Amino acid sequence: MSEALRSLLDLLDLERIEQDIFRGRSRSAVVPRVFGGQVAAQALVAAGRTVPADRHAHSLHAYFLRPGDPDAPIVYEVDRLRDGRSFTTRRVVAVQHGKPIFGLSASFQTYEEGLDHQAPMPPAPDPATLPTGEERLRGYPHLPAEVVERFVEARAAVDLRYVDDPPFGRFGEPREPHSQVWFRTDGKLEGEIDRPLLHVVLATYVSDMTLLDSVLLAHGRGGWAVGDVVGASLDHAMWFHRPFRADEWLLYDQQSPSASGGRGLGQARIYTQDGRLAISVIQEGLVRVPREH
């Protein structure tokens with residue numbers, strides 16, 4: 001296990017203040033605010049710690065309310081909405097400086113048999129044939145060195161490999177609003193920490209890294225890294241269909257069906273390497289073109 005992954009796992013290990021109140025901290029991000037995937041993952045950790053171990057997360061719905069301050073702790077307050085025979089529902093509010101910055105609802109379910117079908121996995125190259133994320137980043141001479149270093153540091157715990165050039169790698173002309181990345185943690189998850197909730201939490205963390213790329217591709221924009229758009233995540237939803245491991249390759253197949261009103265919509269499916277549909281994801285983000293003065 002890499003030191004970066006150990007650091008990320010430590011970041012996700014919240015401090016319990018009261019029975020249903022937890023405290024977390026932040027780490028370096030690509031942008032000068034708390035990374036949305038971090039606060040979503042920490043909120044899911046907080047919810048999961050109030051749920052019996054035999055109930056597994058099957059969905060989450062979240063709103064990003066205010067930018068998070070990376071220099072201040074985040075307090076997570078859990079509301080136990082329902083404990084039924086099969087389902088458990090939790091609501092979590094993340095608070096900084098006395099104000100909510102994020103809200104999440106998560107549902108957990110005991111395992112049961114049922115109908116089973118899925119959309120087929122799209123074609124994608126073997127991740128072993130693709131350059132690492134760091135290799136790609138360092139191969140773009142137009143990116144400022146400090147931007148590259150911030151990307152590399154922020155994503156060091158994850159082996160994330162783009163199938164094609166990301167928006168900031170090749171921009172200026174619209175492309176198909178579709179992107180693919182393979183990802184897995186930079187190291188195996190073993191021993192006491194190897195629990196289903198951790199794999200779900202880590203996938204939640206990564207899911208916010210690239211989902212709006214397809215919006216940028218549709219308009220030939222490079223994103224924050226090159227300064228031709230400004231934006232932020234607005235809301236985020238995930239459905240966890242089948243068991244998976246975050247330390248094994250997962251294909252994140254993403255597309256954007258719409259952008260309007262200063263907002264862009266990204267939707268995606270995450271597959272295991274052997275073709276099982278593990279997760280569905282939808283996110284809307286603020287995507288604005290800077291005004292020229």
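This is a predicted model: local features need pLDDT of at least 70, side-chain atom pairs count only at pLDDT 80 or more; totals for chains, interfaces and linings use all residues.
Student: Which way do the side chains point along strand S2?

Tutor: In a regular strand the side chains alternate between the two faces of the sheet. Here, S2 covers residues 21–24, with Phe22 and Gly24 buried on one face.

Student: Which strands does S2 pair with?

Tutor: S1, residues 15–18, pairs with S2 in the antiparallel sense over 3 bridges. A hairpin of 2 residues joins S1 to S2, and glutamate 18 has isoleucine 21 as its bridge partner. S2 also runs antiparallel to S4, residues 74–83, with 4 bridges between them. In that pairing, phenylalanine 22 stands opposite tyrosine 76.

Student: Where does aspartate 20 lie, and is aspartate 20 buried or exposed?

Tutor: Aspartate 20 is in the loop between S1 and S2. Buried means under 20% relative accessible area. Aspartate 20 counts as buried because its relative accessibility is 17%. Leaving out residues up to four places away in sequence, aspartate 20 touches Thr50, Tyr76, Glu77, Val78 and Arg80.

Student: Which residues touch the most other members of the largest nonpolar core?

Tutor: That core has 68 residues, and the ones with the most contacts to other members are Val39, Tyr76, Phe102 and Ile279.

Student: What does isoleucine 279 touch?

Tutor: Beyond four places in sequence, the contacts of isoleucine 279 include Ala203, Met238, Trp239, Phe240 and His241. Phe244, Ala268, Arg269 and Ile270 are also among them.

Technical notes: Residues are numbered from 1 along each chain as its sequence is written. Side-chain values use heavy atoms; hydrogens and water are left out. Buried means under 20% relative accessible area, exposed over 50%, partly exposed in between (1.4 Å probe, protein chains only). Two strands pair if DSSP finds at least two bridges between them. Contact means heavy atoms within 4.5 Å. A nonpolar core is a set of buried Ala, Val, Leu, Ile, Met, Phe, Trp, Tyr and Cys residues joined through side-chain atoms within 4.5 Å.
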